[in-house]
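I opened the structure today and kept notes as I went. I took the fold first, then the ligand, then the backbone.

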Amino acid sequence: MLKNDLILRAARGEQTERTPVWLMRQAGRILPEYRAVRNSLSGFKELVETPELAAEVTIQPVDILGVDAAIIFSDILVIPEAMGLTYEMVEKKGPHFPKTIEKASDLDKLRVADSNDLSYVYEALKITKKELAGKVPLIGFAGAPWTIFSYMIEGGGSKTFSKARRLLYSDPAMAERLLDMITQSTIGYLKKQVEAGADMLQIFDSWAGVLPPEHYSRFSLKYISRICDSIDEVPITVFAKGAWWALPEMANMNCRTVGLDWNMNAADARKILTTKTLQGNLDPCALYGSEEAIRKATQNMLDDFGDHPHIANLGHGVYPDTDPGKVKYFIDCVKELSAH
Ligand code: CP3
């Protein structure tokens, strides 16, 4: 039994006493308590792969910041790894894949992840669920196939994503084969997360915004839709960063909540996504402002979403150098200003 199920009720489109709030990347470097755990280890991957410690840092923001949900501490890149492409997390630089996918024959070395893979994530979910003892719901997640595909082709972040985008023109059949393998892996992975205790799921399409609309529909939304159609156990949130033009198509998708980034206008989104709950969308940089400015920006955000079912969040992950005091202040403002 959950003591606080505000976020689940909001996701189902029900009216709530106040707007629930959590932050993308809430479990991470903004918290000195996270850095202390992280610095005692060999690196990021050891933390992700040690269930007791992953559970500990998952719960930290619930206790310290007062958010209305926990999100399991992991990374979207565990899926390519389970498929046979390992990643490294390079200090101060980000993810790096020593081997990437370049040609069709490279796909023969990959496999669809199965239920024996990623048991450390399921174990972390089980421990977290137990330790949360019903305090707040637990969010599971995965990357969208297009975003995972980008990492597997590019080998890391990119300014242009031209290698990944090039393949969509030069060999669309190969691109579709890889996207299909990632989608199958992700469906199995998310279902297992639900079995292990995830109360809701979020799909992160961080690199949605680099595709032209027609390609986005064909090479990304199609696969996200397949994932949503395959899972009806818990509510799903789809966050497609930068893909404001895709909102009409998302209206027909089998997800409950659509995440908005700070470039999207909540009032416009409400007119398009009439049956969905909306999540977002304060500019993460707003948290560098004064408390007075944060309060005003939070009020403006709440006004933009109006009476429409809403889960408050930032428009993308919180930046690591944000003052945790300001993050807590934002969370407190949402709770206070939305109460009725
Ligand atoms: O609190 C949470 O949101 C849960 C944990 C979480 C992490 N990564 C932990 C993490 C989640 C949901 C992710 C998802 C993720 N990972 C995304 C999608 C969300 C988004 O931000 O768009 C992406 C694109 C990745 C890939 C990734 N992982 C990058 C690009 C980086 C490096 C950038 C950076 O912030 O350093 C990571 C590393 C990472 N993942 C960290 C954390 C806490 C920082 C690494 C560290 O502690 O040293």
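Entry 1: The model is predicted. I traced an open sheet of 7 strands, in the order β1-β4-β5-β6-β7-β8-β9, with parallel pairing. I then looked at the edges. β1 (70-71) and β9 (310-314) sit there, and each has a single partner strand, so one side of each lacks a neighbour in the sheet.

I followed β1 to its partner. β1 runs parallel to β4 (residues 138-143), and 2 bridges join them. For Ala70, I found Leu138 as the bridge partner in β4.

**Entry 2: the ligand site.** Next I asked where the ligand sits. The space it takes is the largest pocket. I listed the shell and got 23 residues around the ligand. The closest are Arg29, Tyr34, Arg38, Ser206 and His316.

I sorted the shell by class. It holds 13 nonpolar, 6 polar and 4 charged residues. I also checked which elements contribute. α2 (32-39) and β3 (94-96) each give at least two residues to the shell.

**Entry 3: polar atoms at the ligand.** Which side chains place polar atoms by the ligand's oxygen atoms? I noted Arg29, with a polar side-chain atom 2.4 Å from an oxygen atom of the ligand. I noted Tyr34 as well, where an N or O atom of the side chain is 2.4 Å from a ligand oxygen atom. On the nitrogen side I looked at Asp75. An N or O atom in its side chain is 2.7 Å from a nitrogen atom of the ligand.

I then looked up how much of the ligand is covered. Taken alone, the ligand exposes 870 Å², and the protein buries 88% of that.

Entry 4: I finished with the backbone. Most peptide bonds are trans, and most residues other than glycine have a negative phi. I found an exception to each pattern.

The bond from Gly280 to Asn281 is cis, with omega near -10°. I placed Asn281 in strand β8 (residues 277-282).

Arg25 is not a glycine, yet its phi is positive, at about 65°. I located Arg25 in the loop between α1 (6-11) and α2.

Note on methods: Residues are numbered from 1 along each chain as its sequence is written. This is a predicted model: local features need pLDDT of at least 70, side-chain atom pairs count only at pLDDT 80 or more; totals for chains, interfaces and linings use all residues. Side-chain values use heavy atoms; hydrogens and water are left out. A residue is near a molecule or strand if one of its heavy atoms lies within 4 Å of it. A polar contact is a pair of N or O atoms within 3.5 Å; within protein, one must be able to donate a hydrogen and the other to accept it, and residues adjacent in sequence count only if both atoms are side-chain atoms. Accessible areas come from the Shrake-Rupley method with a 1.4 Å probe; for residues, only the protein chains shown count as cover. On a 1 Å grid over the protein atoms alone, a cavity is a set of points where a 1.4 Å probe fits but cannot get out, and a pocket is an open set with protein on both sides within 12 Å along at least five of seven lines; lining residues have an atom within 4 Å of a point. A molecule sits in a cavity or pocket if more than half of its atoms lie within 2 Å of its grid points. Helices (H or I, at least four residues) and strands (E, at least two) are DSSP runs, numbered from the N terminus. Ala, Val, Leu, Ile, Met, Phe, Trp, Tyr, Cys and Pro count as nonpolar, Asp, Glu, Lys and Arg as charged, and the others, Gly among them, as polar. Two strands pair if DSSP finds at least two bridges between them.
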